[in-house]
Amino acid sequence: MTDSKYFTTTKKGEIFELKAELNSDKKEKKKEAVKKVIASMTVGKDVSALFPDVVNCMQTDNLELKKLVYLYLMNYAKSQPDMAIMAVNTFVKDCEDPNPLIRALAVRTMGCIRVDKITEYLCEPLRKCLKDEDPYVRKTAAVCVAKLHDINAQLVEDQGFLDTLKDLISDSNPMVVANAVAALSEIAESHPNSNLLDLNPQTINKLLTALNECTEWGQIFILDCLANYTPRDDRESQSICERVTPRLSHANSAVVLSAVKVLMKFMEMLPKDLDYYGTLLKKLAPPLVTLLSAEPELQYVALRNINLIVQRRPEILKHEMKVFFVKYNDPIYVKLEKLDIMIRLASQANIAQVLAELKEYATEVDVDFVRKAVRAIGRCAIKVEQSAERCVSTLLDLIQTKVNYVVQEAIVVIKDIFRKYPNKYESVIATLCENLDSLDEPEARAAMIWIVGEYAERIDNADELLESFLEGFHDESTQVQLQLLTAIVKLFLKKPTETQELVQQVLSLATQDSDNPDLRDRGYIYWRLLSTDPVAAKEVVLAEKPLISEETDLIEPTLLEELICHIGTLASVYHKPPSAFVEGSRGVQHKRLPGSAGSGESVESPDTGSAAGVSDAPPAVIPSQGDLLGDLLNLDLTPPTTTGPPPPATSGMQLGAMDLLGGGLDSLLGGDLGGSSTMGAGFGAPPAAPAASFSAPVSGGLDDLFDLGGGVGMPMGAYSPPKTVWLPAMKGKGLEISGTFARRAGVIQMEMTLTNKAMSIMTDFAIQFNRNSFGLAPAGPLQVLTPLSPNQSIEVTLPLNTVGPVMKMDPLNNLQVAVKNNIDVFYFSCQYPISMLFVEDGKMERQVFLATWKDISNDNEAQFQIKDCHLSSDAASNKLQGSNIFTIAKRTVDGQDMLYQSTKLSNGIWVLAELRVQTGNPTFTVCLKCRAPEVSQCVFQSYDAVLKN
Amino acid sequence: MPCSNFVSPAARKERFLDRRSQPPSSFLPPSPRPSASPAKMIHSLFLINASGDIFLEKHWKSVVSRSVCDYFFEAQERATEPENVPPVIPTPHHYLISVLRHRIYFVAVIQSEVPPLFVIEFLHRVVDTFQVRGHSPLLFSLFMSASFMPTHLPASSPRLQDYFGVCTEAAIKDNVVVVYELLEEMLDNGFPLATESNILKELIKPPTILRTMVNTITGSTNVGEQLPTGQLSVVPWRRTGVKYTNNEAYFDVVEEIDAIIDKSGSTITAEIQGVIDACVKLTGMPDLTLSFMNPRLLDDVSFHPCVRFKRWEAERILSFIPPDGNFRLLSYHVSSQNLVAIPVYVKHNITFREGSSQGRFDLTLGPKQTMGKAVESVLVSSQLPRGVLNANLNPSQGTYTFDPVTKLLSWDVGKINPQKLPRLKVNRLDMYGEKYKPFKGIKYMTKAGKFQSLDVVEPEILLTQKLRCLNPYAPSPDHSQSLHVCRGFRSERSTFVSSRCNDVWFETHS
């Protein structure tokens, strides 16, 4: 006797038969009939016509029958609202039943009947159930409030159910607490600003207590709720972390991941030198690894989240590379994710293992996977410089297999490797050219054409190769056409004598025979450039290209921060902010990681991360498929960002050209063709570089000290900290670098002492900066003209500008530097005093100052104390002025001097300050106001350093 | 030689063209769609069989048209293998989160931001309620065929106390009303309500032939009349008033070794996934403690909620009030850094005959780390590439099968060799709070890890090694509450050990 018998009657009169049975006198027959109805419902048949007959069966002592009827009601009440009223009385009666199971069942079912007319009748029973003596009923009623809110939010608010729900957070039973939290979270989601879950240390404490005792699902609700809380200080943060860590050993992976979310967020507040911080990092690794031994679906979600975690805190899993090795029977979606994480974890230490694995994967069967593995080898080469050579030879091995898609994928990544390490691996071009004919994917063809064009001077038959592509020009995809056009123009500029015909041909194909506006426009630009000024054309087309970044497709930092706050959610699976999921009206709050301990800045500030001038430049990354067009434009036309400053003409031209594409084309075509040199001058306004434009001292003789000290009326150099060792000889293979920063005559300078402590001579010094918060970049090459012999030291001064690429660093004034010599490349990071960036024209008008001070919200105000400073207010003011912190006004109240000061950073950020000096008191108080409050901490440090110097 | 060379150029081209129509990033659609109405956890559930029929649907809120599953079917069609269907699929108004168990897709429909792991865990819990995990009929038959069968295991093994024994389409259809009642109890408005099987069984009695008969005659029902007592106590996983005449507790320590072995036979990575599954049938509210000989191995553990975490952290002793019946006490993971010993080595070699589409595949399997225990039921399965037409095998030991449809080569080697003992050892098990003397047993088993040897073709070695030990001890007279369990092992000893060679001849498409 099984339920399958209920499916056997599929004859025409089925509904009639059921109707008759439902109205039968016999209890047994009734129940069988209801079961049949339910069975039909489960397979999607419409049995709503039986509504009155089924509802008639509701008045029964038989619990199973009652449950079955409830099941039916929930499904069909909405389609039969008038009939549903019939059920109300029974619900009200059941809510008074002595058996708590029945009371809970009734309150549970009531909430599922989504009929407006009924809801009003449900308020009284619900109110009673919320205060029921039995916690089982209370917890069911808590959920019912959320259901009711979904149907009629106004009603719930009017009836005061929300307050009752809030009270339940303090219930004695942990399950009731958990359900109340779940219900409130759900309601809060539709009212983002309602502040329903008012989290304060007391409620947090209650939640943490309930966390230990409630069910696994309740734990998830509570942990997700905790993650929305911002602790007051690092101590509270630590104590919450301590109470959450045991959840990492829970068998339910959703609990584990929610706990990871809380810890990842609250960890931000812990000082990094705290012992507990290290302990916590260690505790996070095992549970994440364990998630990978669960079912594949869980693994997939876990891997997507681990991807975020390794980007934020790579140290957690840096020793766990092996667990991400792909197993042959992993589903493809798991394999692809593991591959991604392997690349993120790849480092010099494990690169050999990773490459060996990737090579195996490249011989697998699944095409998707193989392609991604090949691409991964290229990404390793770009990420870990030491491995580049090995990666290239692995790729060459793979090309030898002649497997079509492997070859094509390999060529695409080799192009990227060329872009990262120019002039290093060109010997492989011959091998690549052998495979020219087998390329049939646009991306691979475009990559190959780019290579041929870029290295045209080294390929004897470059013209023949490109010509062969030209035959089917119109059948190629846009990507290939654009690339071909550029490549032939490059070729022409390199070998003008032999290729004139070819370039004519491609230009006419692009401009006359093509319907594609992008292609036509580019064709015209090249044409005009070439016809007016070939020298300028050369500078544009053959300009030095920016190196592609080693951080391959990292998530943009602010998005990453937001996603870390949403670990375990759909947002984390799709790596998109939740606002992309939810319709605008819902107004999802953007979550941010809390700031680290000690900084008095507001964490909720909306413009954290992207202050006025410190916009987050999109990182230059390996182009994704299909993005080659945009990349091409960047490739050819963005100003170089590395290896010294470009000659001014080039930079002007490039900007001009970029503008041309951006919309200046009209004027160009409109007949304003005044020759390329004027064109360059016309468009080529150099990028705003306040540091470079030296301005005369604005103090206007305000300060006698200046003239005395400076002698020649030049502002004295700003405060410069003593030199510190940046690169110890141990790490620099004998090269020791110590240095400091200074601002002299409006120019930022990096002053270094290079000492050779090795046995051999050092030559070929060069320097590069990583992207940094204020776009600091060397304004010239590193001038070490004579080789540095053993035990010799040399002082070098490197002028800097602030027009380099920008990326927010942590700490803000951190600068990562790479120094190269004939031995190796060395990396170190140092911190520059932010006072280097205070520009000379940083004195604000009084009125402007007042207005700005009022205008900046108080949330952006930070207050600091400077201790042990024995200066008078005037002396302090003078000292500060030397570092371009200008005093605008002074007020004395009750023996306390208040100095109002302004400062402007090189990127245009203004910092306003109020310095309070009490005569005889060595502790100064400084209040900083700034639209980009994250600089406050650094500015304060400068105050401190300047005043104590 | 890469395996893709087995594939004919035409087939390759075809596959390649296929790819072009869908970029590899197809798992992540361009833009997730917004949702219209406020959040609910799980909106609806569809059960779909391998051939793409929806055979059950359950809605917790309003009815979602089953046409939403079309997006799932699309993904299913795209996937080369059933297990490759992505677990999270976005549709214009919903998200589909699915798990595949027992060849059935459990597809949950959700409408907005919900933790996907929450949904997936819940779905697995649903399946576990239908059929206890790790208890497939196949595995069961292995249990039965094992040469040493514990004689004291009760005839109606408590392991079988899930709802349907096996989770199949037929079983679900046969019990559709029970399934419906269960789902209703497990989820209220999308919030998990009762997911502990002990509580569910109090609410809805599992169908048995006997009970169905009785119900039919007497008109009684499967639905319990009482409030499930456990649901409100501090130990929600255990019901009160449990009574047994024979008080027994069994613990199975099962360790699986997963390893990847490279071409030369050396181990690239190996790790142990271990679990302790328990079957506890004890009267009243017993409070158990379990200690280990080598607890330091357990640095990466996941516990059943019943385990007192604080005590574990402080003393490395497991202290808990167990649920009634079957449950997984803990699972642990021993990572590759702890140098996991691999009991066998595998080597293989592939050669092609010049100018022919035939080749030869040699596979050698041998013992390693001979510490005195037999390796049993060694099964090698090799997924040959699709291009392979046929294979002839010459096993030097055991039997083989080759499935020309799936291209799966299975070589049942049988017993080979001694190996090390399992890593985790239970020291003692004590019970407090109750007066009776329970019968206790502990069984160790190292089994069926996923061994994977890397090369052009990837042979999987399913290694099943069983060690059993059940030593019921009489309590010592002076320590009536404290019993020592399990100090020795009994196992089959194998004398026949040596390397085997297995030749496979195969042909490929020309």
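Contact is taken here as heavy atoms within 4.5 Å. The model is predicted, with local features requiring pLDDT of at least 70 and side-chain atom pairs counted only at pLDDT 80 or more, whereas totals for chains, interfaces and linings use all residues. Side-chain values use heavy atoms, with hydrogens and water left out; residues are numbered from 1 along each chain as its sequence is written, and chains are lettered from A and ligands numbered from 1 in the order in which they are written.

Ile169(A) lies in the loop between α11 (161-168) and α12 (174-190) of chain A, helices being DSSP runs of H or I of at least four residues and strands runs of E of at least two, numbered from the N terminus. Ile169(A) has 8% relative accessibility and therefore counts as buried (under 20% relative accessible area; exposed is over 50%, partly exposed in between; 1.4 Å probe, protein chains only). Leaving aside residues up to four places away in sequence, Ile169(A) touches Val177(A), Ala180(A), Leu184(A), Leu197(A), Lys206(A) and Leu207(A). The C-alpha atoms of Ile169(A) and Leu184(A) are 9.5 Å apart, at a sequence separation of 15 residues.

Strands β7 (residues 814-820) and β8 (residues 825-831) of chain A pair in the antiparallel sense over seven bridges, pairing requiring at least two DSSP bridges. A hairpin of four residues joins β7(A) to β8(A), and Gln816(A) stands opposite Ser829(A) in β8(A).
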